[in-house]
Amino acid sequence: MISDPIKLAAAGLGRGFMLTLPSLLADPHVRLTACAAPRAASRQAFLDAFGGRAHESVEALAADPEVEAVYIATPHQMHREHAEILAAGGKHLLVDKPLAITMADASAIVDTVEAAGVQLVAGPSHSFDQPVVRARALIDERDLGRPAMLHAFNYTDFLYRPRRPEELSTEQGGGVVFSQAVHQIDMVRLLMGGEALSVYAATGAWDPARPTEGAYSAIVHFDGGRFATLVYSGYAHYDSDVLQGEIGELGAPKDMAKYGAARRALAAVASPEEEAALKSGRTFGAVDPAPKAPYPEHFGPVVVSCPRADLRLTPTGVEIWGDERREFVETPAAPSPRTEVLRGLYDAIRRGAPPPQTARWGRASLEICHAILDSARTGEPVPLKRQS
Ligand SMILES: NC(=O)c1ccc[n+]([C@@H]2O[C@H](COP(=O)([O-])OP(=O)(O)OC[C@H]3O[C@@H](n4cnc5c(N)ncnc54)[C@H](O)[C@@H]3O)[C@@H](O)[C@H]2O)c1
């Protein structure tokens, strides 16, 4: 029982907010008290559903005394400005991934929160998934040795979900590297521990109608000769959830009979404006939030190789392939699929004990996103400088 949940507001009531909402409503670590949203219809829908206060601007939200922390779920390019306004109002921050688009903006956010003395948790990201957190703990508890190799891959329909125009332009933070690689990078960094040193990568942009990266393959080298491979395709063909018990990314059973639905829905769209409107039609107030998912979230198959065991993460737990026997460790029941990130925010604010995913962490993960793009462009490995 938690007697003092964080009084949390949301800036932006779009898709990101919708995906976190079932957890915000079910989780005891937070209480949703306010929002900032530019559209009057979204504000009214918020008031109808939750009461509290609905502000027209982030500035007004920053001045709301009933708000302790704000979940920034506005488009990537706004994260810096919104973080600066809210930190100046003394609000703690939960900033959805990626922390920013440019390294300069990420550094400005780091400087802002450190100067203001507010907590920033970089998330939600799949590094907070319960099987990831459990695997990390098992590596230490079972003394399996430092992870030496990690393999993570994910095949989704990401590129064919309805998008705003900037989400299809790499320069403006679009494509799978900024929005999806960052999940894998966060997971990989958490599981591997230690410091990433360099990145060697290739990217694919195979659909001229959606001219941004839809796929990548990257090798991240860590200290001590350790390494991880990250593979992703958002081209809506193969679906790696078939290897995950047909449980989708958000922890709900997936209807595999709906194969091809994302491309079919887009085929009916005639212009970028229509596509953006289709995306808006999936935001808060336009559709009901999904029910709370029965399983933890996941981001595709992951295998971590330690000196004394391989660990395979599944949507419901962790398989340990030890020297002489195999074991399955189930993840314990949780109040919500995104409980670990909300607990992280709670611990940061109430106990001064933030999770590893701070503003500096978010900047380090963003550096790896840029390194993937740079390495793909130059064909050379890219050394990392902002990891510690
Ligand atoms: N962690 C996840 O699972 C996940 C999933 C989807 C999106 N996201 C992240 O959420 C962020 C938003 O992406 P999205 O897909 O939800 O986009 P979106 O377009 O669906 O939503 C953005 C929302 O921000 C609002 N907004 C715009 N300007 C604003 C302002 N000045 N003040 C307040 N609100 C404003 C818009 O009205 C819209 O409702 C991105 O950083 C994205 O990476 C995270």
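Modeller: Rings of Phe, Tyr and Trp, the last by its six-membered ring, pair if their centres lie within 6.5 Å. This is a predicted model, and by that rule the count comes to 10 aromatic pairs.

Biologist: Why is the pair of Phe46 and Phe50 called edge-to-face?

Modeller: A pair of aromatic rings is described by the distance of the centres and the angle of the planes. For Phe46 and Phe50 the centres are 5.0 Å apart and the planes stand at 70°. Planes over 60 degrees apart count as edge-to-face, so that is the label for this pair.

Biologist: Where do Phe46 and Phe50 lie?

Modeller: Both are in helix H2, residues 40-50. They are four residues apart, about one turn of the helix.

Biologist: Is Phe46 buried or exposed, and how do you know?

Modeller: Phe46 has a relative accessible area of 0%. Buried means under 20%, so Phe46 is buried.

Biologist: What makes Phe50 partly exposed?

Modeller: Its relative accessible area is 25%. The partly exposed class lies between the buried limit of 20% and the exposed limit of 50%, so Phe50 belongs there.

Biologist: What makes the pair of Phe50 and Phe284 stacked?

Modeller: The angle between the planes is 20°, and planes under 30 degrees apart count as stacked. Centre to centre, Phe50 and Phe284 are 5.6 Å apart. This pair links distant parts of the chain, 234 residues apart. Phe50 is in helix H2, and Phe284 is in the loop between helix H9 (272-280) and strand E11 (302-306).

Biologist: Why does Phe284 count as buried?

Modeller: Its relative accessibility is 7%. The cut-off is under 20%, so Phe284 counts as buried.

Biologist: Which residues do ring pairs link into a cluster?

Modeller: Phe17, Phe46, Phe50 and Phe284.

How values were computed:
Residues numbered from 1 in each chain as written. Predicted model: local features only at pLDDT ≥ 70, side-chain atom pairs only at ≥ 80, totals over all residues. Heavy atoms only, no water. Helix = DSSP H or I, 4+ residues; strand = E, 2+ residues; numbered from the N terminus. Buried < 20%, exposed > 50% of the residue type's maximum accessible area, 1.4 Å probe, protein only.
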